[in-house]
Each structure stands twice: as structure tokens, then as C-alpha cells.
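This briefing is meant to be read with the sequence and the coordinates open alongside it.

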Amino acid sequence: MRSRNVLTGTLLGAGSVAGTLLFRRRLARRRERVDIYFGDGSMVSLTKPDEAEPLLRRGRQILELAR
Amino acid sequence: MDAAAALERLRDISSQVRAAVIFERGGQVVGSTLADEERARRVAEEAERLLAEAERQREPTAGRGEFAQLEIALQGGSVFVVRDGDRLIAATTPPEPTVGLVFYDLKSCLRELETPVAPKKRAPAKRKPATRVKKTDAKP
């Protein structure tokens, strides 16, 4: 009986951890960001609001104009 | 291939691209899927400013590579700007597009602009049906 409870608890714990990871991954993908690629193969990803905001604003403007 | 044909082909091959504007460095519009020319011009202007800001983001320690492409992922959709020499294309897609595929399609669109239209192959000349001439061995 006790071992069954332990197994159920473990499964529930593992499930919730997996769910949280998936949720966080999905949330991260949906976050607004700017990815800039350069000719030498380097890439800059801007996710912090203060550095990305000027480019995000222009992006929103372009989306609005192209609608 | 001219800009209109390249954009037409882009729309055929990419279901994700909603709108696209091809322009030259400096903001001069070469072609657009937008019906309104004024809007296309403003998109090119905004993309040009984006390009300038993106180039400023290059880390000083990084190499000397010039701006190649960018993606701005927003809640309402994504904006792409791709460069090939002095020519650029700005495009919009719905949210969460297949980024690699969109970059590839946009780059191909710009490259197609450079390639001259291949001359049409000449159809093989129709051979005249041989006409048999009856030889007459008649001796005078």
C-alpha cells in the first residue's frame, strides 16, 4: 500500500515538473524578441525590454502598415 | 526575373508570407505585394531604419560581418528583413512561423531578382516531310 502511494506521488511530481517545463518553453517562444544575424555567422538576440523595445516598436509599425 | 514576378513566385511557394516589400538601400521600393504604394514606401522606410538600428546592435568584439537578416517576433506576427547586397526584402508573417523556411524563401526571392530570365529554348525546327522524287532512269 505504501509503495503504491510513493509511486503515485512520484508520478504526479514528475508530471507536474514536465508540465511546468513545457509551459515555460512555450511561454519563452511566445515572448517578443528580436534576432539579428550578421554575415560572419554571428547572431544577437534581444529579449530585454529596454534594448529590444525600439526595434519592436518599428516591427509593430511595419505589421500595422502591411495589414 | 522582375520584382513582380519574384514576389508572385514568393507568394506561391510560401504560405506563411502575408506581405512583402522589396527595396533598395536608401528606401527606394522595387516591388511590393501591397496594393497601396504609399504604404509600401513607408514599410521600406521603417525597414531601412530597422536595419540602421540592427547594425548598431552588433557587438564591438564580434567580427566584421555586415547585417544579413533579422526577425522580430511579436504577439501579432513576425517581421523579417533579409539583405542581399544593396537589395532588401521586408516581409510579415503570422505569429510563430517556421523561421528558417521563411528566411530561405525570402533569400531565394532576392536572388531570383538578380538572375536574368533564361531565354526560351527554341523549339526544334519541324522537319519537312521528305518528298520522294521518283527517279527516272529513262535514257534518252
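**Briefing on the two-chain model**

Ala68(B) has its place in strand 3 of chain B, and the structure in which it is described here is a predicted model. With a relative accessible area of 15%, Ala68(B) is buried, because that value falls under the 20% below which a residue counts as buried. Leaving out residues up to four places away in sequence, Ala68(B) touches Tyr37(A), Phe38(A) and Gly39(A) in one chain and Val81(B), Val82(B) and Arg83(B) in the other.

**Residues around Val81(B)**

- Ala68(B) and Val81(B) are 13 residues apart along the chain, and their C-alpha atoms are separated by 8.5 Å.
- Once its neighbours within four places in sequence are set aside, Val81(B) is in contact with Ala47(B), Leu50(B), Phe67(B), Ala68(B), Gln69(B), Leu70(B), Leu88(B), Ile89(B) and Ala90(B).
- One of these contacts, Leu50(B), has its place in helix 2 of chain B and counts as buried at 0% relative accessibility.
- Between Leu50(B) and Val81(B) there are 31 residues of separation along the chain, while the C-alpha atoms of the two are separated by 8.6 Å.
- With neighbours within four places in sequence again left aside, Leu50(B) is in contact with Leu55(A), Arg58(A) and Ile62(A) from chain A, and with Ile72(B) and Val81(B) from chain B.

**Nonpolar cores**

- The largest nonpolar core has 31 residues, and those with the most contacts inside it are Val34(A), Ile36(A), Phe67(B), Ile72(B) and Val81(B).
- Another core, of 17 residues, lies apart from the largest one, and among its members are Ala3(B), Leu7(B), Phe80(B) and Phe103(B).

**Helix 2 of chain A against helix 2 of chain B**

- The axes of helix 2 of chain A and helix 2 of chain B come within 10 Å and cross at roughly 165°.
- Because angles over 145 degrees count as roughly antiparallel, helix 2 of chain A and helix 2 of chain B are roughly antiparallel to each other.
- Helix 2 of chain A passes helix 2 of chain B in a left-handed crossing.
- From helix 2 of chain A the contact draws on Pro54(A), Leu55(A), Arg58(A), Gln61(A), Ile62(A), Glu64(A) and Leu65(A), and from helix 2 of chain B on Arg39(B), Arg42(B), Val43(B), Glu46(B), Ala47(B), Arg49(B), Leu50(B), Glu53(B) and Ala54(B).
- By class, the residues of this contact between helix 2 of chain A and helix 2 of chain B divide into 8 nonpolar, 1 polar and 7 charged.

**Helix 1 against helix 3 within chain B**

- Helix 1 (residues 3-13) and helix 3 (residues 99-114) of chain B pack at an angle of about 155°, and their axes are 9 Å apart.
- Helix 1 of chain B and helix 3 of chain B are therefore roughly antiparallel to each other, and helix 1 of chain B passes helix 3 of chain B in a right-handed crossing.
- On the side of helix 1 of chain B, Ala3(B), Ala6(B), Leu7(B), Arg9(B), Leu10(B) and Ile13(B) meet Asp105(B), Leu106(B), Cys109(B), Glu112(B) and Leu113(B) of helix 3 of chain B.
- The contact of helix 1 of chain B with helix 3 of chain B has 8 nonpolar, no polar and 3 charged residues.

**A loop residue with positive phi**

- Glu96(B) lies in the loop between strand 5 and helix 3 of chain B, and its phi is near 50°, a positive value in a residue other than glycine.
- At a relative accessible area of 35%, Glu96(B) is partly exposed.

- Chain A contains 2 helices and 2 strands, which run α-β-β-α from the N terminus on, and 22% of its 67 residues count as buried.
- Chain B comes to 3 helices and 5 strands in the pattern α-β-β-α-β-β-β-α along the sequence, and 41% of its 140 residues count as buried.
- Among contacts in chain B between residues at least 6 apart in sequence, 49% join residues at least 24 apart.

Technical notes. Residues numbered from 1 in each chain as written. Chains lettered and ligands numbered in written order. Predicted model: local features only at pLDDT ≥ 70, side-chain atom pairs only at ≥ 80, totals over all residues. Heavy atoms only, no water. Core = buried A, V, L, I, M, F, W, Y, C linked by side-chain atoms within 4.5 Å. Buried < 20%, exposed > 50% of the residue type's maximum accessible area, 1.4 Å probe, protein only. Contact = heavy atoms within 4.5 Å. Axes fitted to C-alpha atoms, helices over the stretch in contact; angles between N-to-C directions. Helix = DSSP H or I, 4+ residues; strand = E, 2+ residues; numbered from the N terminus. Parallel < 35°, antiparallel > 145°, perpendicular 65-115°, else oblique. Left-handed = near helix turned anticlockwise from the far one by under 90°. Nonpolar A, V, L, I, M, F, W, Y, C, P; charged D, E, K, R; others polar.
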